[in-house]
Amino acid sequence: MSHKPTPYSPNFPASQGYGPPEEEAKKNESYPMHAQGGYPGPPGPMLPPGAQPLPGMHSGFQPGFQPGFQPGFAPGYPQPQSGYPHPQPGYPAPVVQQPGPQGPGGWMTIPQAPTNCPPGLEYLSMIDQLLVKQKVELLEAFVGFETNNKYTVKNALGQKVYYAVEDNDCCTRNCCGPMRPFDMKIMDNFRNEVIHLHRPLACDSCWCPCWLQSMEVTAPPGTVVGSIEQEWSICKPCYVIKNAAGDVVLRIKGPICTYSICGDVEFNVYSRDGETKVGKITKQWSGLAREMFTDSDYFGITFPMDLDVRIKAVLLGACFLIDFMFFEKSGNQESDGPGML
């Protein structure tokens, strides 16, 4: 039984575009049996007229099937790489570790030094307050044998700024007591001496106005940056702060009573004319047991932030001078103030 081809009879009129396919087009059609390499995948939405494809993107195909890209990654973006990406030229390197609030061992980190700042004094450029704590010496507390004083200087955050050590001999310490002359080395975190204090032997009585207390401050050692000189006074202790040229830049006025009886003792710092208060040196109450059985003291120093770092170093020296004159014990007795000797 033979079958003859049925002539094409569409359900719709040919005038509307429906008609039999051309025989020649059918003969040229071919369909692969297997997917060829690099086959882009199923077609996707076409780009709108006038739009340009992204780099690496073939127009007319879905982004998830672009050649060279893994499914799920948008074209035009680099593939993820293992490890930390390298910084691009012209941009700063990535911050791997955030800076901590303080350096190793609780020390203050070194700030950027201002112009013409002596080496080692850049620590003082960014602070307006210092805390001075004297180390407790057990031999001195229980036996009464005078030892070299040691101090830790910190900023307001409790970070160590300097470490001060008295340089003196045994005979001078135990024979002269609080009135002894001494040299003091103030060192930084690297054990470098950045400030040197020199106190000569002198008197602090109002009966000897020509031989009163003084202290020379050098920073670095050998370069004078200023001095502290006691002024003659009957009731209140008074000092002047001088710069390297010998000019008065600040004044210090203490209270009539310098005994720390369950309270702080303040030495106010004034401007050159003595009218404007710009800071203070405070002997802080450190507790009954510490005050009675030791001469280990706490001090606080405040000054303007924009004060010259050299004068800040001189004020630190004034704190040590005040400690020796008024709060250094001799034979378990707190030393007397000026005019009491």
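**Exercise 1. Strand pairing around lysine 280**

Task: Determine which residue of β12 stands opposite lysine 280, and how the strands concerned pair.

Solution. Step 1. Lysine 280 stands opposite threonine 302 in β12. The model is a predicted one, in which local features need pLDDT of at least 70 and side-chain atom pairs count only at pLDDT 80 or more, while totals for chains, interfaces and linings use all residues. Residues are numbered from 1 along each chain as its sequence is written, and side-chain values use heavy atoms, with hydrogens and water left out.

Step 1. Strand β12 (residues 298–302) pairs with β11 in the antiparallel sense over 5 bridges. Two strands are taken to pair if DSSP finds at least two bridges between them; strands (E, at least two residues) and helices (H or I, at least four) are DSSP runs, numbered from the N terminus.

Step 2. β11 also pairs with β10, in the antiparallel sense and over 6 bridges. Within this pairing, isoleucine 281 in β11 is the bridge partner of phenylalanine 267. The hairpin of β10 and β11 has 6 residues between the strands, and glycine 274 in this hairpin takes a positive phi near 80°.

**Exercise 2. Salt bridges**

Solution. Step 1. The criterion is a side-chain nitrogen of Lys or Arg within 4 Å of a carboxyl oxygen of Asp or Glu.

Step 1. To classify accessibility, buried means under 20% relative accessible area, exposed over 50%, and partly exposed in between (1.4 Å probe, protein chains only). Lysine 280, at 26%, is partly exposed, and glutamate 266, at 33%, is partly exposed.

Step 2. Arginine 180 is in the loop between α3 (170–176) and β4 (182–187), and glutamate 166 is in strand β3 (residues 160–167). Arginine 180 has 0% relative accessibility and therefore counts as buried; glutamate 166 is buried at 2%. Glu166, Arg180 and Glu328 are linked in a network of salt bridges.

Step 3. Aspartate 308 and arginine 310 meet through their side chains in a further salt bridge (3.3 Å, N to O). Aspartate 308 is partly exposed at 35%, and arginine 310 is partly exposed at 26%.

**Exercise 3. Aromatic rings and the nonpolar core**

Solution. Step 1. Rings of Phe, Tyr and Trp (its six-membered ring) pair if their centres lie within 6.5 Å; planes under 30 degrees apart count as stacked, over 60 as edge-to-face and the rest as tilted. The count by this rule is 7 aromatic pairs.

Step 1. Phenylalanine 267 belongs to strand β10 (residues 265–270) and phenylalanine 327 to helix α5, 60 residues apart. Phenylalanine 267 is buried at 1% relative accessibility, as is phenylalanine 327 at 0%.

Step 2. Phenylalanine 326 is buried at 1% relative accessibility. Ring pairs link Phe267, Phe299, Phe326 and Phe327 into a cluster.

Step 3. A nonpolar core is a set of buried Ala, Val, Leu, Ile, Met, Phe, Trp, Tyr and Cys residues joined through side-chain atoms within 4.5 Å. The largest such core has 51 residues, and those with the most contacts inside it are Tyr162, Ile195, Ile252, Ile281 and Phe320.
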